[in-house]
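Open the model in your viewer and keep the sequence panel beside it. This tour tells you what to select at each stop.

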Amino acid sequence: MRTRAMVLALLLHVFLLTGAAHAQAPVLPAVKPEQVGLSSERLGQLSAVLKADVDKGVIPGATLLVARQGKIAWFEAIGARDPASRAPMTKDAIFRIYSMTKPITSLAVMMLVEEGKVALSDPVSKHIPQLGGLKVGVEKPGAGGPTLELEPARREMTIQDLLRHTSGLTYGLFGSGLVKRAYLEAKVWEDYPSNAELVERLAKLPLMHQPGVTWEYSHSTDVLGRVVEAVSGRTLGEFLTARIFTPLGMTDTAFYVPALAKQARIAEPFANDRVIGTNAELNDPRVVQKWESGGGGLVSTTMDYARFAQMLLNGGSLNGKRLVTPKTIAYMTADHLGAGVGSGPGPGYGFGLGFGVRKDTGMAPWPGTVGDYHWGGAAGTYFWVDPKEALFVVYMMQSPKQRVAARTVLRNMIYGAVDKAAR
């Protein structure tokens, strides 16, 4: 009996190990590019360009994942994960994804919308009272230079305004102006406050624009993170982990990397390429802070984000786990700006609820498809989803200086590798 019990225990142990390995298996199978209508030769040329950039010292290293029709057609790790130690880049490297956090936080809000706990038409002050009755800063010419005058907001910002960046808030990091200067002088985020503390600071500053009038990239999604906390009763990290990361199997996505075993996988930039915007430096995700920035705080891996992208392409579900409905994904990835609210994120693009959304085949300085949607991070990460081509791309690197140039190269060469229409 004892021997039999030992055998059964051993079999159970093997079963559990096999089950665990199966649970961690990639959701997306890997195939040759030609099996999904892509050119191996053309994708190889893109890899050669990236390798040449590494050899020339333009970027330290990168990962590139191209998936089509639910299958991975190309996945490479190139160059160095850490240029200081010369540790090679790996496919499981952990990257600061910064603003690629925004689509994830936006999805969390839409989950609450589907549950009837939030409405897009809600004034933000319904959930965060401090953000009611704000003033708008207006620059007036003066003998000694422009002065800042305050005028009442004509209406309150809404949840939809936060999602599409028409709230009137700003960052202060990009561009100039007296309101942006006020943000910088107030140092609203530099000591990594909690989301509640951040909102308290924003409530004391003037808005950059009247709500609903102008698209201005901003702390809007950080405020959405606080909305999630206020409505759910959880921290933003707890909510994202329970409702998004765990169901999707995004095991390396979090706000910080406190585990020593994972810290060796963090990708690093060159020592002279750590600045974002106006004197904002890349953070150290090994150091846990209070701030869980819904607009830019997450770290992730290429495969983790690929799971998120495939869920979007699937219409809100992955591997039998549904997060939101296809109608919600379609609504999020439609343009919510329309006319008269500024240029949005660039020619040919509007903005949805967390994404830049392509409106025209032309206009943009790179190829794409009407309805494709994308976003990137300030340290160099980038992704886009093209539903009509059943295609998505996840690109990860840590080089703020090269982030814009890399996106153009990726778009040009990956669409140049599309040999056949999607089935």
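**Before you start**

This is a predicted model: local features need pLDDT of at least 70, side-chain atom pairs count only at pLDDT 80 or more, and totals for chains, interfaces and linings use all residues. Residues are numbered from 1 along each chain as its sequence is written, and side-chain values use heavy atoms, with hydrogens and water left out.

**Stop 1: the whole chain**

Show the protein chain as a cartoon. It has twelve helices and 16 strands. These are DSSP runs, numbered from the N terminus: helices are H or I with at least four residues, strands are E with at least two. The radius of gyration, taken over C-alpha atoms, is 22 Å, close to the 22 Å that the globule rule gives for 423 residues, so the chain is as compact as a globular protein of that length. That rule is 2.2 Å times the number of residues to the power 0.38. Along the principal axes, the C-alpha atoms fill a box of roughly 85 × 55 × 45 Å.

Now colour by burial. Of the 423 residues, 54% count as buried; buried means under 20% relative accessible area, with a 1.4 Å probe and protein chains only.

**Stop 2: the sheet**

Select the open sheet of eight strands, in the order E3-E2-E1-E16-E15-E14-E13-E12. Pairing is antiparallel; two strands pair if DSSP finds at least two bridges between them. Strands E3 (87-88) and E12 (349-351) are the edges, each pairing on one side only.

Zoom in on E1 (residues 61-68) and E16 (residues 391-397). Seven bridges join these antiparallel strands. Pick Ala67: its bridge partner in E16 is Phe392.

**Stop 3**

**Stop 4: Ser317**

Is Ser317 buried or exposed? Ser317, in strand E10 (residues 317-318), is buried, with a relative accessible area of 16%. Show side chains here. That of Ser317 makes a polar contact with the side chain of Arg322 at 3.4 Å. A polar contact is a pair of N or O atoms within 3.5 Å; within protein, one must be able to donate a hydrogen and the other to accept it, and residues adjacent in sequence count only if both atoms are side-chain atoms.

Note on methods
Buried < 20%, exposed > 50% of the residue type's maximum accessible area, 1.4 Å probe, protein only.
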